[in-house]
Amino acid sequence: MDNWILHYANAVTELSRLLGLRFIWDGGEYKSVGARTPIGESVMMIGVFHNELDYASRDVEIAKLTMLVKDLQTIERHDQLLLSSFKKIIRNTSKNWGTYFGVRIEIKIAASLIQKEIDFIKAESPDFTIPKYGVCIECTNTHRTNNGSANLVDKIRSAITQKSRKSYCNSSTILCMDITNIAATYEKEEEELLSAKNALRNVVQQILKDTNSNYGSILIFSYFMDLKNNYHSGYWRIDNENPTQALLDFLDKYFPIGEFKTGPGWTPKAG
């Protein structure tokens with residue numbers, strides 16, 4: 001990445017402004033709340049990767065932070081109160097990757113809805129409501145724990161099973177799932193799921209049947225940088241057998257079926 005230091009400085013400066021956080025270390029010790037968050041870890045690792053001459057990993061982290069900045073700027077222009085609510089959650093991600101994974105997918109969905117000029121209500125349980133279509137969106141994520149060994153399919157199955165117990169699990173609700181963390185550490189058989197045409201879609205459709213889930217559709221998101229240093233955020237759309245027509249109309253207009261592929265390239269630990 002040409003002028004990496006400029007991109008790095010711009011991203012960190014803007015994140016500090018948007019989130020009201022500082023990213024300060026002293027002799028390897030955390031000296032600010034921001035430094036203890038997953039975002040702070042990325043800020044620190046950019047310098048580490050550069051010093052280790054690992055320019056690919058450095059550039060992935062810079063691109064990741066830059067995309068986060070753009071999403072937050074989109075939210076800021078639309079709704080200052082919504083930005084404030086996300087700021088509070090991010091401050092509470094200090095040494096808590098699980099919370100960060102959750103808020104990052106919500107930020108992505110909020111920014112996407114705003115960019116598509118879709119009116120929505122942000123709440124909890126479910127996370128978003130689209131009044132015009134009578135459609136709801138719930139967000140979740142999959143990630144590996146420090147001592148966990150579950151693979152991608154097991155993690156997706158677990159997330160769908162858990163969320164299918166909710167009262168809002170019905171044919172007019174979309175479940176949006178971020179699998180970036182799993183995709184960053186996949187095994188060989190998982191690589192085929194993410195790259196082969198329709199492979200992931202077929203697996204998730206079977207999981208929906210096995211779990212008797214009533215979600216109308218599943219959107220699975222991931223981040224990825226290709227070999228030309230282009231950073232992508234994409235999704236796989238997997239419709240269930242029971243979506244309402246209003247849900248299909250919404251999805252076909254704003255989230256059409258496509259085939260997002262990762263590799264060869266690099267996937268970050270988190271979006």
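Contact means heavy atoms within 4.5 Å. The structure shown is a predicted model.

**Figure 1. Surroundings of W4 in the predicted model.** W4 touches I46, H50, R58, D59 and I62, apart from residues up to four places away in sequence. The residue belongs to helix α1, which spans residues 4-19. With a relative accessible area of 19%, W4 is buried, because the limit for a buried residue is under 20%. Between W4 and I62, which are 58 residues apart along the chain, the C-alpha atoms are separated by 7.9 Å. I46, one of the residues touched by W4, is also among the buried residues of helix α2.

Figure 2. Helix α2 is formed by residues 38-51, 14 residues in number. From its first C-alpha to its last, α2 reaches 20 Å, close to the 20 Å expected at 1.5 Å a residue. The buried residues in α2 are P38, I39, G40, S42, V43, I46 and F49. L53 follows α2 and has a positive phi, near 65 degrees.

**Figure 3. Aromatic pairs of the chain.** The structure holds 9 aromatic pairs. One of them joins F120 and F128 in an edge-to-face arrangement, with 5.6 Å centre to centre and 70 degrees between the planes. Both F120 and F128 are buried. A tilted pair is formed by F250 and F255, with 6.1 Å centre to centre and 50 degrees between the planes. F250 is buried, its relative accessible area being 0%; F255 is buried as well, at 3%. Ring pairs also connect Y133, F221, Y235, F250, Y254 and F255 in a cluster.

**Figure 4. Lysine residues over phenylalanine rings.** Two views show a lysine with its ring partner. In one, K116 lies over the face of F255, at 4.8 Å from the ring centre. F255 is itself part of the ring cluster that includes Y133 and F221. In the other, the charged end of K122 sits over the ring of F128, 5.2 Å from the centre of that ring. The ring of F128 is also the edge-to-face partner of F120.

**Figure 5. The backbone at E117.** E117 is located in the loop between α5 (97-115) and β3. Its phi is positive, about 60 degrees, although E117 is not a glycine. Most residues other than glycine have a negative phi. E117 is exposed, with a relative accessible area of 70%.

Figure 6. The peptide bond from S125 to P126 is cis, with omega near 0 degrees. Most peptide bonds are trans. S125, a residue other than glycine, has a positive phi near 55 degrees. D127 counts as buried at 2% relative accessibility. A polar atom of the D127 side chain lies 2.8 Å from the backbone nitrogen of C139. Leaving aside neighbours within four places in sequence, D127 is in contact with E106, I121, K122, I137, E138 and C139. K122, one of these contacts, is the residue whose charged end sits over the ring of F128.

**Figure 7. N240 and the residues around it.** N240 is placed in the loop between β8 (231-239) and α10 (245-254). At 13% relative accessibility, N240 counts as buried. A polar atom of its side chain lies 2.9 Å from the backbone oxygen of Y215. Apart from neighbours within four places in sequence, the residues in contact with N240 are L208, S213, N214, Y215, G216 and S217.

**Figure 8. The whole chain, as context for the close-up views.** The protein chain has 10 helices and 9 strands. Of its 271 residues, 49% are buried. Among contacts between residues at least 6 apart in sequence, 67% join residues at least 24 apart. The accessible surface comes to about 12700 Å², and 47% of this area belongs to carbon and sulfur atoms.

Notes
Residues numbered from 1 in each chain as written. Predicted model: local features only at pLDDT ≥ 70, side-chain atom pairs only at ≥ 80, totals over all residues. Heavy atoms only, no water. Phe/Tyr/Trp six-rings, centres within 6.5 Å; stacked < 30°, edge-to-face > 60°. Buried < 20%, exposed > 50% of the residue type's maximum accessible area, 1.4 Å probe, protein only. Lys NZ or Arg CZ within 6 Å of the ring centre and 35° of its normal. Helix = DSSP H or I, 4+ residues; strand = E, 2+ residues; numbered from the N terminus. Expected span 1.5 Å × (residues − 1). Polar contact = N/O pair within 3.5 Å; in protein donor to acceptor, adjacent residues only side chain to side chain. Areas by Shrake-Rupley, 256 points an atom, 1.4 Å probe, with all protein chains shown as cover.
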